[in-house]
Amino acid sequence: VSRDGGELIIPVNTTGIDNVTITHDNGDRWDIDPETGDMTPAEGWIKLVKVINNYETRALPQWTSGIQLYIEDNNSNYERSAEITVYSFTKQAKVTVRQGF
């Protein structure tokens, strides 16, 4: 995604999305005070806005779903990435979102 951030929709074909997790890079887990070096937990630069569901009738119910993400501007001097995991019953799929600087 561009350094300017914004919204991103990732299409997902499942029998229903049960859960979504976002795992940030190690460097994105802390905000560091430049004067003291103190670290506080970071809010995270990528957030799940919503899970989008559209039901289609088939022998096995299948949804053409999606996840809508909001990505903040990248004002740092490094590329950052986050792994998005979507769960449907016992199955899961992962995608990595990378944002340049």
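The following legends describe close-up views of a predicted model.

Residues are numbered from 1 along each chain as its sequence is written, and side-chain values use heavy atoms, with hydrogens and water left out.

**View 1. Salt bridge between Lys47 and Glu72.** A search of the whole structure returns two salt bridges, a salt bridge being a side-chain nitrogen of Lys or Arg within 4 Å of a carboxyl oxygen of Asp or Glu. In the pair shown here, the closest N and O atoms of Lys47 and Glu72 are 2.9 Å apart. Lys47 belongs to strand E5 (residues 46-52) and Glu72 to the loop between strand E7 (62-71) and strand E8 (80-88), so the pair ties together parts that are 25 residues apart in sequence. Strands (E, at least two residues) and helices (H or I, at least four) are DSSP runs, numbered from the N terminus. Lys47 is partly exposed at 32% relative accessibility, and Glu72 is partly exposed at 31%. Here buried denotes under 20% relative accessible area, exposed over 50%, and partly exposed the range in between (1.4 Å probe, protein chains only).

**View 2. Salt bridge between Lys94 and Glu83.** The closest N and O atoms of Lys94 and Glu83 are 3.8 Å apart. Lys94 is located in strand E9 (residues 91-99) and Glu83 in strand E8, eleven residues apart, and the pair links distant parts of the chain. Lys94 is exposed, with a relative accessible area of 52%, while Glu83 is partly exposed at 30%.

View 3. Ser76 is buried, at 16% relative accessibility. The side chain of Ser76 makes a polar contact of 2.5 Å with the side chain of Asn74. A polar contact is a pair of N or O atoms within 3.5 Å; within protein, one must be able to donate a hydrogen and the other to accept it, and residues adjacent in sequence count only if both atoms are side-chain atoms. A polar atom of the Ser76 side chain also lies 3.1 Å from the backbone oxygen of Tyr78.

**View 4. Ile67 within the largest nonpolar core.** This core has 13 residues, and those with the most contacts inside it are Ile46, Ile67 and Ile84. Strand E1 (6-14), E7 and E8 each supply at least two residues of the core. A nonpolar core is a set of buried Ala, Val, Leu, Ile, Met, Phe, Trp, Tyr and Cys residues joined through side-chain atoms within 4.5 Å. Ile67 lies in strand E7 and is buried, at 1% relative accessibility. Not counting residues up to four places away in sequence, Ile67 touches Leu8, Ile9, Ile10, Ile17, Val20, Leu48, Lys50, Val51, Ile84 and Val86, where contact means heavy atoms within 4.5 Å. Ile67 and Val86 are 19 residues apart in sequence, with a C-alpha to C-alpha distance of 8.7 Å.

View 5. Ala42 occupies the loop between E4 and E5 and is partly exposed, at 25% relative accessibility.

Methods. This is a predicted model: local features need pLDDT of at least 70, side-chain atom pairs count only at pLDDT 80 or more; totals for chains, interfaces and linings use all residues.
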